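Please keep the viewer open as you read.

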Amino acid sequence: MEEEDEEVRALLGDRPEGDSAVRGAPRALPALCDPSHLAHRLVVLLLMCLLGFGSYFCYDSPAALQTQVKRDMQVNTMKFMLLYAWYSWPNVVLCFLGGFLIDRIFGIRWGTVIFSCFVCIGQVIFALGGIVNAFWLMEFGRFVFGIGGESLAVAQNTYAVSWFKGKELNLVFGLQLSMARIGSTVNMNLMGWLYTKIETALGSSGHTTLGVTLMIGGVTCILSLICALVLAYLDRRAEKILHKEQGKTGEVIKLTDIKDFSLPLWLIFLICICYYAAVFPFIGLGKVFFIEKFRFSSQSASAINSIVYVISAPMSPVFGLLVDKTGKNVIWVLCAVATTLVSHMMLAFTFWNPWIAMSLLGFSYSLLACALWPMVAFVVPEHLLGTAYGFMQSIQNLGLAVISILAGMILDTGGYLLLEVFFIACVSLALFAVVCLYLVNRARGGNLNYSAKQREELKLSHTE
C-alpha cells in the first residue's frame, strides 16, 4: 500500500509541507507508466484492440471452413448456419445483461476477464465437437463462445469510452474494428491452408482433422484473455493514481431505463440490425456463392470473401479519423448504407467482376462502423453507455440469429439469387431508417449531424 501511495505522489507531485519538500521532491513517472500521458493511453489502446482479436478470429472459422464443415459433419446449409445462430441466440439476452453487469455488478475489469474466459472455453468445446464427431457439441461450443464474444465487444466499447472521449472516439472505434478485422482476415485465408496441412499430417480428412484445426485456431483466444488481465491491472492502477472512481456518476441504473431511450437511439438500433443482417450472414455463405456463380477456385473464393475484412483493417482508422475531423455522422452513415445497397444489387443482378462489388462493400462497411457506433455516446448519458451498447448488441444478435437461419433455408430452397434479393430488402430498410434518423434529428435540433467544429463549441459551452 505504501508503494502505491509513493507512486501516486510521484505522479501528482504531492510533497510534504515545509522546507523538506524541495529535498524530498519525487520524480514524475515515465510517460509509458503515467495514465494521464498519451504514450500510456496508446499502450492501453493497443491492448483494447488485441482484446477482440481472438474472438473475431474464431468467429468466422465456420465461414473459412464452410465446405469442410458441411462435408465432414454431413450437414446441410441450414444446419451449418446454426453455428452462427447459436452464437447469436444467447446474446439476445446476455449481451444486454453483459452491459448491465459491467455498469452495475462486475465492473469493466472483472466483466472483461469473465467474458474472455467464456470465449476460450467455448472455442475448446467447439473444436472437441469436431474431434468426437458430435455436431450438437459444436453447436453448444458456439453457444458458450457467443456468451463471451459479444459481451466482450460491449466491454471493449465501454473501455474505449472510458479512456478516450470527445474527438478521439471515432478514431479509437476505427482502430478497434481494424484489429478485429485483421483477425477475421487472417482466419479466412489461414484456416483452409491449416486444414490441408493437418490433413496431410494425419493422412486423411474428416471430423478429426476439422477438430484439430479448430483447436489450433483457438490459441488466439488465449491472447484475448491475457489482454483482459493486463487491461484490468492498468485500469485499476489508473483509478488509484488519478483518483477517479470508475463509472461513479451518483445515479442508479435500472433495467427500466430502456423505456427512456430516445427515438433517434431506436433508429440507430434499427439501422444496426438491418445493415449487419446483410453483411455477416452473406460472408458466412459467400465462399460457395463465388465458387458457384463466378466459377472461382476455392482459394480465390476465400480471398474475395475476406476482401471486406482486408479493406476494413486499414480503412477503419482512416474513416474514423475522417469522421473525427468532419463530424456529420448521419451523412456518412447514409453514404455507407447506400453504397452497400449498390454492392448487393451488383452481386445479385450482374456478372461483373465481383471484386468491384466486394470492394465497395468493404469500404462502406468500414465507414458505417466508424460513424454509427459512436453516435450512441451522443444520445445517452454516460452512466448508461454500457447498458445502451449492450442493448444495441443484443438486438443486433436477435436479427443475426433469425437472419442466419432464414438465409440457410432460403439458400437450400431458392438458391443464391433469392438470397441476394432478401439481403437487398434488409439494406433498403436500413436506408429508410437512416433517412428517418436524419429528419428526426433535424426536427429536434439534435447533435448527431453536427460538424466537428459545432461539437467542439458545444463541449466548450458545457464546460463554462
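## Salt bridges

The count of salt bridges comes to 2, where a salt bridge is a side-chain nitrogen of Lys or Arg within 4 Å of a carboxyl oxygen of Asp or Glu. This is a predicted model, in which local features need pLDDT of at least 70 and side-chain atom pairs count only at pLDDT 80 or more, while totals for chains, interfaces and linings use all residues. Residues are numbered from 1 along each chain as its sequence is written, and side-chain values use heavy atoms, leaving out hydrogens and water.

The table lists the two pairs with the relative accessible area of each partner; buried means under 20%, exposed over 50% and partly exposed in between (1.4 Å probe, protein chains only).

| Pair | N to O distance | Arg partner | Asp partner |
|---|---|---|---|
| Arg71 and Asp72 | 3.1 Å | Arg71, 44%, partly exposed | Asp72, 10%, buried |
| Arg109 and Asp235 | 2.9 Å | Arg109, 16%, buried | Asp235, 6%, buried |

Arg109 lies in helix 9 and Asp235 in helix 13 (residues 219–242), so this pair ties together parts that are 126 residues apart in sequence. Helices here are DSSP runs (H or I, at least four residues), numbered from the N terminus.

## The nonpolar core

In soluble globular proteins, nonpolar side chains tend to be buried together. In this model the largest nonpolar core has 135 residues, and Phe290 and Leu372 touch the most other members. Such a core is a set of buried Ala, Val, Leu, Ile, Met, Phe, Trp, Tyr and Cys residues joined through side-chain atoms within 4.5 Å. Helix 21 (residues 385–444) gives the largest share of this core, 22 residues.

Leaving aside residues up to four places away in sequence, Phe290 touches Phe282, Arg295, Phe296, Ala301, Ile304, Asn305, Leu347, Pro354 and Met358, a contact being heavy atoms within 4.5 Å. Met358 is also one of the contacts of Ser343, together with Ala357, Leu360 and Leu361, under that sequence exclusion. Ser343 sits in helix 18 (residues 329–349) and is buried, at 0% relative accessible area.

## Two loop residues with positive phi

Arg295, one of the contacts of Phe290, has a positive phi near 60 degrees although Arg295 is a residue other than glycine. Its place is the loop between helix 15 (280–294) and helix 16 (298–305), and at 69% relative accessibility Arg295 counts as exposed. Asn133, also not a glycine, has a positive phi of about 60 degrees. Asn133 belongs to the loop between helix 9 (107–131) and helix 10 (135–163) and is partly exposed, at 41%.

## Enclosed spaces

How many cavities of 30 Å³ or more does a search of the whole structure find? There are 3. A cavity is a set of points on a 1 Å grid over the protein atoms alone where a 1.4 Å probe fits but cannot get out, and lining residues have an atom within 4 Å of a point. Grid points are joined across faces, edges and corners, and a volume is the space filled by probe spheres set on the points.

The largest cavity has a volume of about 420 Å³. Of its 24 lining residues, Tyr56, Leu177, Arg181, Trp373 and Gln393 are the closest to the centre. The elements giving two or more residues to this lining include helix 4 (53–59), helix 11 (169–202) and helix 19 (354–372).

The second largest cavity holds about 40 Å³. Among the residues lining this second cavity are Tyr59, Met81, Phe280 and Leu400. Helix 7, helix 15 and helix 21 each supply at least two residues of that lining.

Technical notes:
1 Å grid on protein atoms, 1.4 Å probe; cavity = no way out; pocket = protein on both sides within 12 Å on 5 of 7 lines; lining within 4 Å.
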